[in-house]
Amino acid sequence: MAFHHHLLSALLLVSSFSFADEPGRYDDGARWAFITDQTSSNVAVVDTFNHKHIDTLSMQVIPTMMEVSDVQDMLLYIDGKTTKVYVYDLVEKKHWSMDVESVPEAIIVAPDGARLAVALKDKIVMIEPLTGRYLETIPNLAQPYSVNFDTGGYNLYITEQNSGRTLIWRVHDAATREIQLGSGGKVSEVTLSPDARLVMVGDLNKNTVTVWDLFMEQEFAKITLEDTPWRPYVSSDSEHMILAAQNGQGLVVNSWSGQTVKTIDFKDQTTEIRTGWLESIGVVATKSGVNVFNLTNDKPTKHFALNAPLGDVVVVADSKTLFATQGNNSALLVLDLRKEAQLPSLETGLKKPHLIAMGLTNTICH
């Protein structure tokens with residue numbers, strides 16, 4: 001009996017390990033990257049640990065925006081044409097969709113992975129894709145507007161980008177308050193610091209970046225740039241803000257003091273900002289290439305030239321590696337941010353790779 005008991009235990013242990021490594025179970029948001037195609041509904045699955053294309057999934061439509069729910073293991077996407085939010089269960093391999101009033105313009109996953117904010121023309125609808133429930137509606141919004149959950153998922157920030165009027169909507173009881181970001185004219189999309197202390201925005205008319213202190217409920221800093229500001233970025237440890245103007249001027253600013261700690265000239269038009277490698281590295285992409293630099297020391301910036309226009313960019317959760325799509329190129333650009341080195345490109349099997357969706361990353365600004 002003891003032999004049979006140990007044999008059964010061993011078989012169960014082997015079974016559990018096999019199940020964890022079963023092909024097609026993409027339930028680790030920090031590992032898998034999902035790459036959409038501009039020409040088909042196919043989505044390539046890339047293993048960012050081993051740098052391999054391992055699978056191709058077929059969606060119901062061609063995604064124009066895709067998000068990953070880490071907690072509930074779903075791909076959530078829209079197509080910019082139909083009045084639906086589409087869902088794919090990564091574990092059960094099931095498709096379904098939820099109807100909304102008009103064509104969604106954006107979707108934003110809450111940090112708990114269960115709630116999805118769907119931006120429509122003049123309102124936001126909250127839904128629960130897993131349960132199929134329709135929740136609250138936030139009406140009377142003016143396009144264009146940007147939408148951001150804070151890191152804890154306690155508040156939703158909705159900024160009308162033609163005026164900087166920002167509605168702070170509290171998730172648990174729908175209480176609201178307003179703040180004014182910028183000088184009353186056009187602003188960039190909003191960036192929130194992960195510690196929920198600061199909200200920052202580029203004032204497009206004044207060539208400044210306005211930083212608002214949410215704890216003190218007042219403006220914290222106003223930083224002047226030489227040209228139109230790009231959307232500000234902040235490191236995942238909330239310690240540094242990375243700012244860039246369209247003419248290639250770059251600044252690293254200490255988030256606690258508001259003081260500039262580094263100035264860089266990228267000598268080209270800015271297109272993306274990221275951070276990586278334990279938040280010591282900054283990444284600013286321009287039309288001609290990707291610039292990788294230390295946030296605080298004087299080590300020279302390393303420039304990686306591009307052979308094709310840069311598309312979507314992610315830095316994976318361990319902050320070591322950057323992946324990016326490139327125009328008219330079926331392979332991904334791959335950079336090792338620790339070693340500041342370009343790695344072999346990663347073939348996706350797609351004709352025109354477009355968007356990269358991952359969970360638990362600094363894919364987008366916080």
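Strands β17 (residues 198–203) and β18 (residues 208–213) run antiparallel and are joined by 6 bridges; strands here are DSSP runs of E with at least two residues, numbered from the N terminus. One such link pairs Met-200 with Val-211 in β18. This is a predicted model, in which local features need pLDDT of at least 70, side-chain atom pairs count only at pLDDT 80 or more, and totals for chains, interfaces and linings use all residues. Residues are numbered from 1 along each chain as its sequence is written, and side-chain values use heavy atoms, leaving out hydrogens and water.

Now step back to the sheet. Its 4 strands follow the order β16-β17-β18-β19, open and with antiparallel pairing (two strands pair if DSSP finds at least two bridges between them). At the edges, β16 (191–192) and β19 (218–224) each pair on one side only.

Next, look at Ser-188, in the loop between β15 (176–180) and β16. Ser-188 is buried, with a relative accessible area of 7% (buried means under 20%, exposed over 50%, partly exposed in between, with a 1.4 Å probe and protein chains only). Its contacts (heavy atoms within 4.5 Å), not counting residues up to four places away in sequence, include Gln-161, Val-201 and Arg-231. The C-alpha atoms of Ser-188 and Gln-161 are separated by 6.5 Å, though these residues are 27 apart along the chain.

Finally, visit Arg-197. Its charged end sits over the ring of Trp-256, 3.9 Å from the centre, and Arg-197 also lies over the face of Phe-220, at 5.4 Å from the ring centre (the rule asks for NZ of Lys or CZ of Arg within 6 Å of the ring centre and within 35 degrees of the ring normal).
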